[in-house]
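The sequence and the structure are shown first.

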Amino acid sequence: VFAGGRRPALVGPKISEERIKPRSTLATRLVSGYLLVFWIALIAPLLAYTPRGPSSLGVSQGSLSNQVLISTFGLVGALFLPAAIRRFDGAFQWLAALWILYLGWAAASLIWSIYPPLTVRNVIAFILVSVGCFGLGVGFYGGLPNGRDLFLRHVFWASVLSALVILLPLPFRFQQYDLLDPSQRLDIGGNFSAYVTRPIMAALLALVATSILGVRRWLKRDWFWVAVLVLPLLALKSRGPVVWGIVALGIFYLFYRTSIRDRVLQAGVIFLVGVGTYIYYTENVLGIILGPFVPFLTRGNVEATTNLTGRVPLWQALIEQVWQHPWLGAGFAAFWSPTNISELASTAVSGRASAHNGYLEELVNTGFVGLTILLAFCLGTLTLALRRARRGDPLGWLVFLFMVFYLLLNLTNALTQEYFQPPFVIILVALGLLASGPPPDPATPPRTAKSPPITTGR
């Protein structure tokens with residue numbers, strides 16, 4: 001995708017028709033096999049379709065099986081650390097320093113943590129995930145001629161597996177679930193938001209963005225893969241990731257398309273949206289047109305949707321808690337300890353295990369200092385990604401897109417301190433790939449590239 005599917009001829013402008021074959025080594029096969037087993041182990045519990053219980057990070061992330069998986073992920077990444085250090089681009093050193101500073105602040109919060117065991121466990125897990133992402137991104141994928149294609153291929157097939165986990169058992173559940181009933185959604189346990197909806201949205205964004213960037217042609221079979229990935233979103237009636245994904249794609253398009261013609265088109269779209277919004281609030285025309293879809297958009301409960309399914313009262317209660325430890329926080333991941341929640345006399349907080357807002361989550365756990373460091377890292381990532389993108393590196397645009405999606409998703413979800421969240425893991429690995437060396441040669445003209453979903457292979 002990123003380095004071109006065809007190699008230019010040595011003499012003249014003619015493009016050779018010889019396809020560059022992907023490099024396959026023993027290490028590539030072993031790591032790919034490990035990642036396959038790792039992902040299947042993460043998503044396999046969703047096959048049980050067990051009833052959804054109360055939210056609990058202690059169950060979803062503190063289980064022994066998950067701790068073992070996270071440990072192996074860090075160890076596999078550590079195997080590639082020497083190669084990663086040798087290959088690391090110095091231009092990214094200050095960004096790596098910001099991330100190390102954030103991890104250092106998280107570790108230092110053990111001194112004042114209100115629940116040290118939870119802080120220790122989550123800091124260690126976060127360090128392991130960071131080492132794994134850095135080692136795999138810079139050392140493994142960055143060391144392969146087709147590393148960027150292989151990385152996106154892995155992301156794509158991981159999302160397909162996540163979709164199949166939902167779709168394959170669905171025919172056996174038709175008596176319990178009506179797909180067309182707006183008030184019903186698949187009531188299954190497990191962290192399906194983390195391991196199904198968010199990876200699927202990341203893959204869909206990559207599919208669309210690579211076509212917009214011109215590094216691959218949209219093929220007819222891509223519509224089949226889009227259907228496979230969208231059906232689980234409809235069954236789960238996932239709204240937040242879909243909405244934020246569309247908004248992120250729009251922001252990406254605004255930054256990518258900068259010609260006068262595109263700017264006129266964008267201004268026209270914004271004007272139409274503004275007029276439509278005015279009509280909606282004055283004549284309720286939009287409500288009449290979309291009236292039949294409202295039950296689906298609200299899952300049959302308009303009242304719950306207006307307060308974002310309980311998020312608004314939760315945020316109001318948490319803002320009061322922020323001022324208890326405004327600068328330092330309660331300790332990394334310590335606020336949601338069972339002891340602390342039981343002491344809070346708030347029905348909005350009771351029974352919760354997350355702030356459902358990544359920025360509030362940082363404030364209550366690591367204070368204004370932790371949030372400032374994290375935002376500095378995210379903004380630095382956006383800056384470096386845009387810089388590389390403007391120099392002709394398509395991966396820079398993808399990193400920019402994924403980071404915008406992550407920042408938007410954090411408005412209604414708390415992703416960072418839930419240490420193995422696919423959107424952030426994808427960002428760290430892709431950032432490592434970006435830091436593994438200078439941008440590749442300009443890609444083959446988009447109209448000549450024919451490829452399977454996500455990748456052409458090199």
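## Basis and overall architecture

In what follows, a helix axis is a line fitted to C-alpha atoms over the stretch in contact, and angles between N-to-C directions run from 0 to 180 degrees. The model is a predicted one.

The chain has 19 helices and two strands. Of its 458 residues, 49% count as buried. Among contacts with a separation of 6 or more, 83% are between residues 24 or more positions apart.

## Helix 7 against helix 8

The axes of helix 7 and helix 8 lie 8 Å apart, and the two helices pack at an angle of about 135 degrees. Helix 7 is therefore oblique to helix 8, since an angle has to be over 145 degrees to count as roughly antiparallel. The crossing of the two helices is left-handed.

Helix 7 contributes Leu-152, Val-155, Phe-156, Ser-159, Ser-162, Ala-163 and Ile-166 to this contact, while helix 8 contributes Tyr-195, Val-196, Pro-199, Ile-200, Ala-203, Leu-207 and Thr-210. By class, eleven of the residues in the contact of helix 7 with helix 8 are nonpolar, three are polar and none is charged. In general, an α-helix has 3.6 residues a turn, so residues three or four places apart point the same way.

## Helix 9 and its cover

Helix 9 spans residues 220–236, and its buried residues are Asp-222, Trp-225, Val-226, Val-228, Leu-229, Pro-232, Leu-233, Ala-235 and Leu-236. The cover over these buried residues includes helix 7 (147–167), helix 8 (192–213) and helix 10 (240–256). After helix 9 comes Lys-237, which has a positive phi near 50 degrees.

## Helix 1 against helix 3

Helix 1 (residues 26–43) packs on helix 3 (residues 64–79) at an angle of about 160 degrees, with 11 Å between the axes. Helix 1 is therefore roughly antiparallel to helix 3. Helix 1 passes helix 3 in a left-handed crossing.

On the side of helix 1, the contact involves Tyr-34, Leu-35, Phe-38, Ala-41 and Leu-42; on the side of helix 3, it involves Asn-66, Leu-69, Ile-70, Thr-72, Phe-73 and Val-76. Nine residues of the contact of helix 1 with helix 3 are nonpolar and two are polar, with no charged residue.

## Helix 17 against helix 19

Helix 17 (residues 358–390) and helix 19 (residues 422–434) have axes that come within 12 Å and cross at roughly 45 degrees. The two helices are therefore oblique to each other, and helix 17 passes helix 19 in a left-handed crossing.

Phe-377, Thr-381, Ala-385 and Arg-388 of helix 17 meet Phe-424, Leu-428, Leu-431 and Leu-434 of helix 19. The contact of helix 17 with helix 19 consists of six nonpolar residues, one polar residue and one charged residue.

## Individual buried positions

Arg-148 is found in helix 7. Arg-148 counts as buried because its relative accessibility is 12%, under the 20% cut-off. The C-alpha atoms of Arg-148 and Leu-433 are 7.2 Å apart, although 285 residues separate the two in sequence.

Ser-109 is located in the loop between helix 5 (93–108) and helix 6 (116–140). The relative accessible area of Ser-109 is 0%, so this residue is buried. Beyond its neighbours within four places in sequence, Ser-109 is in contact with Thr-119, Gly-331 and Phe-332.

## Positive phi in loops

Most residues other than glycine have a negative phi. Ala-333, which is not a glycine, has a positive phi of about 65 degrees. Ala-333 is part of the loop between helix 15 (311–322) and helix 16 (338–343), and with a relative accessible area of 12% it is buried.

Which loop holds His-356? His-356 lies in the loop between helix 16 and helix 17. The phi of His-356 is positive, near 55 degrees, in a residue other than glycine. Is His-356 buried or partly exposed? At 21% relative accessibility, His-356 counts as partly exposed, because buried means under 20%.

Methods. Residues are numbered from 1 along each chain as its sequence is written. This is a predicted model: local features need pLDDT of at least 70, side-chain atom pairs count only at pLDDT 80 or more; totals for chains, interfaces and linings use all residues. Side-chain values use heavy atoms; hydrogens and water are left out. Helices (H or I, at least four residues) and strands (E, at least two) are DSSP runs, numbered from the N terminus. Angles under 35 degrees count as roughly parallel, over 145 as roughly antiparallel, 65 to 115 as roughly perpendicular and the rest as oblique. A crossing is left-handed if the near helix is turned anticlockwise from the far one by less than a right angle, and right-handed if clockwise. Contact means heavy atoms within 4.5 Å. Ala, Val, Leu, Ile, Met, Phe, Trp, Tyr, Cys and Pro count as nonpolar, Asp, Glu, Lys and Arg as charged, and the others, Gly among them, as polar. Buried means under 20% relative accessible area, exposed over 50%, partly exposed in between (1.4 Å probe, protein chains only).
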